[in-house]
Amino acid sequence: MDKLTIDIQKCNQDSLCAVECPVRIIRLDSLTGYPVPLPDFESSCLKCGHCVTICPTDALSLDWLSPESCRLISEDLRLTPAQAEQFLRSRRSVRSFKNKTVSDRTIEKLLEVACAAPSAKNQQPWHWTVVRSPAEVRQLAEMVIEWMREVSHTDPKKAEASGFVRPIAAWEQGEERICRGAPHVIVAHADKNWIFGPEDSALALSLLDLYATSMGLGACWGGYFYKAVNAYPPLFQALGLPNHHRAFGTLMLGYPKFKYRRIPERRPPRVAWR
Ligand SMILES: Cc1cc2nc3c(=O)[nH]c(=O)nc-3n(C[C@H](O)[C@H](O)[C@H](O)COP(=O)(O)O)c2cc1C
């Protein structure tokens, strides 16, 4: 049962918890002036933690979240806009990796940060499958090629339009263009019926990609890979995904072999100002 507790020695009745609650299930009691939950608090709470983390006096706790369990936001660690801009604009898709694996602890840390992404209704629907062995990554890449070959035989036009011709030809010449020789692959998957699965997963993977960059790692979306996971049952099974799940994104991960020197221009924003 979700319970909201107010420490009246600390509460300054500023109503921030009520104002910031996205589902408006906290109000200030008209007699006491202290925050109280509405009757549907338990059933409607998104468990986003806004009420606890906005409180400037640490007066509000939930039975599952105390102010003390939430780390403080350090002013010293805030990025300047210039730092943030360079960081965000210099992230690249990395496709050349060192022959070096990433520790489980580091991958766990990446996933913890990825799970801080926004998700519709704060569902946090993600499940992660991490391929730790470079040899297994290669075997899985080969299965993607098998799927591409199958499509090429049954529907050559589709294979051509989907861009399968070149990765197949590269594979036949000994070049692996599916996972690009990355030592690891991370698959984000979720209940196949969750309508925001694609968005929630892309956002989490994007945080993972950015955080990996900050750690000196490199990542790249494996578009062919996760399309193949959903379209080619042997690959789905090889990864051991639950039957009611769908893969919503894949990142290749490893240590970059090379360092970029400059940031490229992108198309300017196509905006309609109204
Ligand atoms: C949904 C998605 C799928 C992608 N699939 C692949 C892929 O299968 N192989 C690959 O090498 N790059 C893939 N990419 C990376 C893009 O090619 C890359 O983001 C783009 O060229 C811009 O380069 P940058 O990320 O370095 O800025 C994918 C990116 C996205 C967003």
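The expected span of a helix is 1.5 Å times one less than its number of residues, where helices are DSSP runs of H or I with at least four residues, strands are runs of E with at least two, and both are numbered from the N terminus. This is a predicted model, in which local features need pLDDT of at least 70, side-chain atom pairs count only at pLDDT 80 or more, and totals for chains, interfaces and linings use all residues. Residues are numbered from 1 along each chain as its sequence is written, and side-chain values use heavy atoms, with hydrogens and water left out.

Helix 9 has 18 residues (197–214) and should therefore span 26 Å, which agrees with the 26 Å between its end C-alpha atoms. Its buried residues (under 20% relative accessible area, 1.4 Å probe, protein chains only) include D200, A204, L208 and A212. Among the elements covering the buried residues are helix 4 (81–90), helix 5 (104–114) and strand 7 (218–221). Just after helix 9, G216 has a positive phi of about 80°.

Helix 5 packs on helix 9: their axes (lines fitted to C-alpha atoms over the stretch in contact, with angles from 0 to 180 degrees between N-to-C directions) come within 8 Å and cross at roughly 130°. That makes helix 5 oblique to helix 9, since angles under 35 degrees count as roughly parallel, over 145 as roughly antiparallel, 65 to 115 as roughly perpendicular and the rest as oblique. In the contact (heavy atoms within 4.5 Å), K109, L110, L111, V113 and A114 of helix 5 meet A204, L207, L208, Y211 and A212 of helix 9.

Helix 6 (residues 134–154) and helix 8 (residues 165–172) pack at about 125°, with axes 10 Å apart. They are therefore also oblique to each other.

How values were computed
Buried means under 20% relative accessible area, exposed over 50%, partly exposed in between (1.4 Å probe, protein chains only).
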